[in-house]
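Hi,

Here is the structure I promised to pass on. Have a look first, and then read on for what turned up in it.

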Amino acid sequence: MPRATVDITPEGQRPDEDPSLAVRNNGGAPPSTEPAPAGRREALLLLSFGGPEGHDDVMPFLENVTRGRGIPRERLEEVAEHYHHFGGVSPINDQNKALIAALEKELSAAGSDLPVYWGNRNWAPYVEDTWARMAEDGIEHVYVLATSAYASFSGCRQYHEDIARARVATASPARPGGPTAEKLPHYYDTPGFVQANADALAAALATLPAELRDGARLVATAHSIPDTMAAVAGPDGHAYEAELMAAAERVVAQVAPDRPFDLVWQSRSGPPSVPWLEPDVNDHLRVLAQAGETAVVLFPVGFVSDHLEVIWDLDNEAKQTAEEVGLAFARAATAGTHPAFVESMRGLLEERRAGGLPRLGTDCPASCCFVQSHRRSPADTAANGRPQLS
Ligand SMILES: CC1=C(CCC(=O)O)c2cc3nc(cc4[nH]c(cc5[nH]c(cc1n2)c(C)c5CCC(=O)O)c(CCC(=O)O)c4C)C(CCC(=O)O)=C3C
Ligand SMILES: [Fe+2]
């Protein structure tokens, strides 16, 4: 793929960052190819997006998510309605609690007493608060499992920045940033993630009427991102699309080998003048119907749990589009707490603890996934993840 030519700031030109707390290389940790030192007090941190817990949380949450990002007010109001439809509560928090419970069970069954913590970027429990608690608990090193399996600013780099921000918030002269950290690599290609998505796709296919099943069109979906963000994803650009395609290929190969499938995009935001990855899933369904397709199975391989963007944008919007154009419709579940997925996450952790090979998402080059327009001013950075007091 051609190298991205989008403006990214080269290493050493980010004066708003303290170099000792740099985003790359995991918040102060030694190179990840070294095995974990014996006796180091370690923890696993599930780092996620966060979501509102009631009607009053919705707007402050959305303001946290979109601060400095030029998302039109009308879009925020529209998305707020999606949350209000579910009582103002995002399902993502309960899903993360369930994943943590499953990880704890998996770890203890394997004889590990590693504590598991939880922190979010955009809503309580905020990662800054969790970091301070880990420091108080005497944790020296944290393995960070982000609830995104892929490259991109939103799915990878921003989680590195969350870690850096939490370390800045926790830093004191006696304690430079609390525990060191190591983000676990992208996991779209782990056997368990693929297995979970494949089982879900097979189950969704089985819900279609028998006569439509063999001819149903398989359609992978992922969150759309701005073209400029896609162009700089990964060290050579376009890694978000490439990783998604690789994951979808593996999933389909397990369920229906040699069956064609499509990868399309959902949940686009931003002003209409800014190009984002296309086609949108709804437009694609219309095209499929026109081309004579009779049934479709969507599998949202781009997400880790059935959070709001899955249950609203697919189970409501895309389903309605399918009905309008006369397509039979099924939607596959995301990985969630599938045992194979949970097992693979333990595998990643063990691999890192043993000093396995560096992989993308852990040791990211300094400019990897860096989007100039998503640079936050120091004031934005200080405010990010905190509800505004005014
Ligand atoms: C790649 C990607 C993932 C997958 C990787 C990952 O999982 O991290 C993801 C996940 C999620 N996105 C989520 C929610 C939102 N995303 C928004 C806005 C945006 N997402 C973007 C990208 C992504 N988003 C982008 C480029 C924007 C524009 C703003 C910006 O450039 O930064 C907005 C603002 C309103 C709107 O415009 O839609 C909301 C509310 C939730 C929580 C759902 C719940 O509550 O259950 C989750 C898991
Ligand atoms: Fe999003």
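Let me start with H223, which lies in strand β5, residues 217-223. (Strands here are DSSP runs of E with at least two residues, helices are runs of H or I with at least four, and both are numbered from the N terminus.) Before going further, please keep in mind that this is a predicted model: local features need pLDDT of at least 70, side-chain atom pairs count only at pLDDT 80 or more, and totals for chains, interfaces and linings use all residues. Residues are numbered from 1 along each chain as its sequence is written, while chains are lettered from A and ligands numbered from 1 in the order in which they are written.

Back to H223. With 24 C-beta neighbours inside 10 Å, H223 counts as buried. The cut-offs are these: 20 or more other C-beta atoms within 10 Å of a residue's own make it buried, 12 or fewer make it exposed, and anything in between is partly exposed, with C-beta atoms placed from the backbone. Leaving out residues up to four places away in sequence, H223 touches Q266, S267, G302 and E309. Touching, or being in contact, means that the two C-beta atoms, placed from the backbone, lie within 7 Å.

UniProt lists H223 and E309 under "binding site" in an unreviewed entry. They are spread over 87 residues of sequence but cluster in space, with a largest C-alpha distance of 8.5 Å. A caution on the record: its positions are given in the numbering used here, feature names are shortened, and annotations may be inferred rather than shown by experiment. E309 is found in helix α11, residues 308-311, and is buried because it has 20 C-beta neighbours inside 10 Å. Its contacts, again not counting residues up to four places away in sequence, are H223, Q266 and S267.

The unreviewed UniProt entry also puts "binding site" on S90 and Y159. Where does S90 sit? It is in the loop between α2 (73-85) and α3 (92-109). S90 has 25 other C-beta atoms within 10 Å, so it is buried. Beyond residues up to four places away in sequence, S90 touches G51, P52, Y83, H307 and L308. Y159, for its part, lies in helix α5, residues 153-170. Y159 is buried as well, because 24 other C-beta atoms lie within 10 Å.

W118 is found in strand β2, residues 116-120, and is partly exposed because it has 18 other C-beta atoms within 10 Å. W118 and I100 are 18 residues apart along the chain, and their C-alpha atoms are separated by 7.8 Å. I100 is also one of the residues that W118 touches, not counting those up to four places away in sequence; the others are L46, N96, P125 and T130.

On to the helix pairs. Two packed helices are described by the angle between their axes and the distance between the axes. The axes of α4 (residues 127-136) and α5 come within 8 Å and cross at roughly 55°. (Axes are lines fitted to C-alpha atoms, for helices over the stretch in contact, and angles run from 0 to 180 degrees between N-to-C directions.) That makes α4 oblique to α5, given that under 35 degrees is roughly parallel, over 145 roughly antiparallel, 65 to 115 roughly perpendicular and the rest oblique. On the α4 side the contact is made by V127, E128, W131, A132 and A135, and on the α5 side by D162, R165, A166, R167, A169 and T170.

The other pair is α1 (residues 58-66) with α2, whose axes come within 10 Å and cross at roughly 130°. α1 and α2 are therefore oblique to each other. V58, M59, L62 and T66 of α1 meet L76, V79, A80, Y83 and H84 of α2.

Finally, the overall picture: the chain has 14 helices and eight strands, and 46% of its 390 residues count as buried. Among contacts between residues at least 6 apart in sequence, 83% join residues at least 24 apart.

Cheers
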